[in-house]
Amino acid sequence: MSFCDLAVSGVANLQPYVPGKPIEELQRQYGVRNVIKLASNENPLGPPKAAVAAVAMAAKEMARYPDGNGYALKLALAEKHQVAPEQITLGNGSNDVLEMIARAFAGAGDEIIFSEHAFAVYGIVTQAIGASPVVTQAKDYGYDLDAIHKAISSRTKIIFIANPNNPTGTWLEPEKIKLFLEKVPEKVLVVLDEAYVEYLNMEENSVPWLQDFHNLIITRTFSKAYGLAGLRVGYSLSHPEVADLMNRVRQPFNVSNLAQAAAVAALGDEAYLQQTRDVNQAGMKQLVAGFEKMGLQYIPSRANFITVNVHTNAFEVYDELLYEGVIVRPVANYGLPQHLRVSIGLAEENQRFLDALSGILGRG
């Protein structure tokens, strides 16, 4: 007997999400020291000092369960975004929130739409709940909203749109998304995944759209620009009734007291956030200049990573980079077998990657 025979079909046939290789794993497997990781879109500055201090204080209460309702964090988010606390759902990272949405609003026989080259988790949660994925063709490596609109059927329950998109970094202008929302039936939920939005200086924030589009759910995270990837804190903003339904499937105590305390502290550290943007902007220019010097094509990105075409088998280049102590991300599973996704690091990390990549491609 195979235990796969006992699992529901969606899970039995599922390929699990493959994260970026941890530094410790590379050190164990390859014996490499002085490793740099540019694979998981983490903040190279490390966490905000205020968040570290908040965690130290919260650690004194580790024997206690966290506030299951996340009162203080919801209050801080509500003030920042000018929404009611009842519109907020907290998650163990925004991936947790994405799964809640799928579990609460779709199931067998339903359809969930997302684009080619979109975040892998959309397909994973769709298959896990037994829904049918509808994958639209990408346009310039990003979302084709017209194609998505044409794909909507009577079975469509959810549309996932990442802006900026991961792993391509492409960006949809706000007015295009608003026009799209106006055309989507009210019974279809549109999930606007904004995990990287803090890297932008947006003239138009998407949050006020919640007043006009009750079928809109906005998801965000503290894992990227706020530097708290190791603590796993994400959230969504939505219509209160949508949030209530999501909270019915949310696991109790899904965000630890350490994570909640750190998130509240990070939310108030605007100087850290601006430094993050400055480092990211400078690093992006550095990598783009390096790619152009090597004659490599890349996908223009508005996030904290950039995807580059190495014009050969990217996995082989990725593997050779590992021997140089540099971890990046191959994205063949996203339909991009000749591309590598590279997170923006500190200046010296970016240069080390560029030097290693140039040497490897030069040998080829």
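## Backbone, helices and cover in a predicted chain

At 35% relative accessibility, Tyr141 counts as partly exposed. The model is predicted.

**Two residues in one loop**

Tyr141 sits in the loop between E4 and H7. Strand E4 covers residues 132-136, and helix H7 covers 145-151. Asp140 is in this loop too. Tyr141 is not a glycine, yet its phi is positive, at about 70 degrees. Asp140 is not a glycine either, and its phi is also positive, at about 55 degrees. How much of Asp140 is accessible? Its relative accessible area is 66%, and because exposed means over 50%, Asp140 counts as exposed.

Now follow the chain to the loop between strand E5 (156-162) and helix H8 (174-183), where Pro164 lies. Pro167 has its place in the loop between E5 and H8 as well. Most peptide bonds are trans. The bond from Asn163 to Pro164 is cis, with omega near -5 degrees. The bond from Asn166 to Pro167 is also cis, with omega near 25 degrees.

**The chain as a whole**

How many helices and strands does the chain have? There are 13 helices and 13 strands. The C-alpha trace spans about 60 × 55 × 50 Å along its principal axes.

Of the 364 residues, 52% count as buried. Take the contacts with a separation of 6 or more: residues 24 or more positions apart account for 73% of them. The accessible surface comes to about 16,800 Å². Carbon and sulfur atoms supply 51% of that surface. As for charge, the chain has 31 positive and 39 negative side chains. The centres of these two sets lie 3 Å apart.

Helix H9 runs over residues 240-249. Which of its residues are buried? They are Val242, Ala243 and Met246. Around the helix axis these three cover an arc of only 95 degrees, so they lie on the same side of H9. A general rule of helix geometry fits in here. An α-helix has 3.6 residues a turn, so residues three or four places apart point the same way.

What does the other face carry? Turned away from the buried side are the exposed residues Glu241 and Arg248. The buried residues pack against several elements. These are strand E2 (88-91), helix H5 (94-105), strand E6 (189-193), strand E7 (216-221) and strand E8 (234-237).

**Helix H10: mostly covered**

Helix H10 covers residues 257-267. Nine of its eleven residues are buried, so H10 is mostly covered. Among the buried residues are Asn257, Gln260 and several alanines, including Ala262 and Ala263. Leu258 and Leu267 are buried too. What covers them? The cover of the buried residues of H10 includes helix H3 (49-58), helix H4 (71-81) and helix H11 (270-294).

The contacts below leave aside neighbours within four places in sequence. Asn215 lies in the loop between E6 and E7. It is in contact with Val184, Pro185, Glu186, Val188, Leu189 and Val190.

Asn350 has its place in helix H13, residues 347-363. Its contacts are Gly283, Gln286, Leu287, Ser343, Ile344 and Gly345.

Gln127 is found in helix H6, residues 120-128. Which residue lies 118 residues apart from Gln127 along the chain, with 8.7 Å between the C-alpha atoms? That residue is Ser9. Gln127 is in contact with Gly10, Asn13 and Leu14.

**Accessibility side by side**

The table gathers the single residues discussed above.

| Residue | Relative accessible area | Class |
|---|---|---|
| Asp140 | 66% | exposed |
| Tyr141 | 35% | partly exposed |
| Gln127 | 28% | partly exposed |
| Asn215 | 6% | buried |
| Asn350 | 0% | buried |

Where is the cut-off for burial? Buried means under 20% relative accessible area. Asn215, at 6%, therefore counts as buried. Asn350, at 0%, is buried as well.

Methods
Residues are numbered from 1 along each chain as its sequence is written. This is a predicted model: local features need pLDDT of at least 70, side-chain atom pairs count only at pLDDT 80 or more; totals for chains, interfaces and linings use all residues. Side-chain values use heavy atoms; hydrogens and water are left out. Buried means under 20% relative accessible area, exposed over 50%, partly exposed in between (1.4 Å probe, protein chains only). The arc is that of the directions from the helix axis to the C-beta atoms. Contact means heavy atoms within 4.5 Å. Accessible areas come from the Shrake-Rupley method with a 1.4 Å probe; for residues, only the protein chains shown count as cover. Lys and Arg count as positive and Asp and Glu as negative; His and the chain ends are not counted. The place of a charge is taken as NZ of Lys, CZ of Arg, CG of Asp or CD of Glu.
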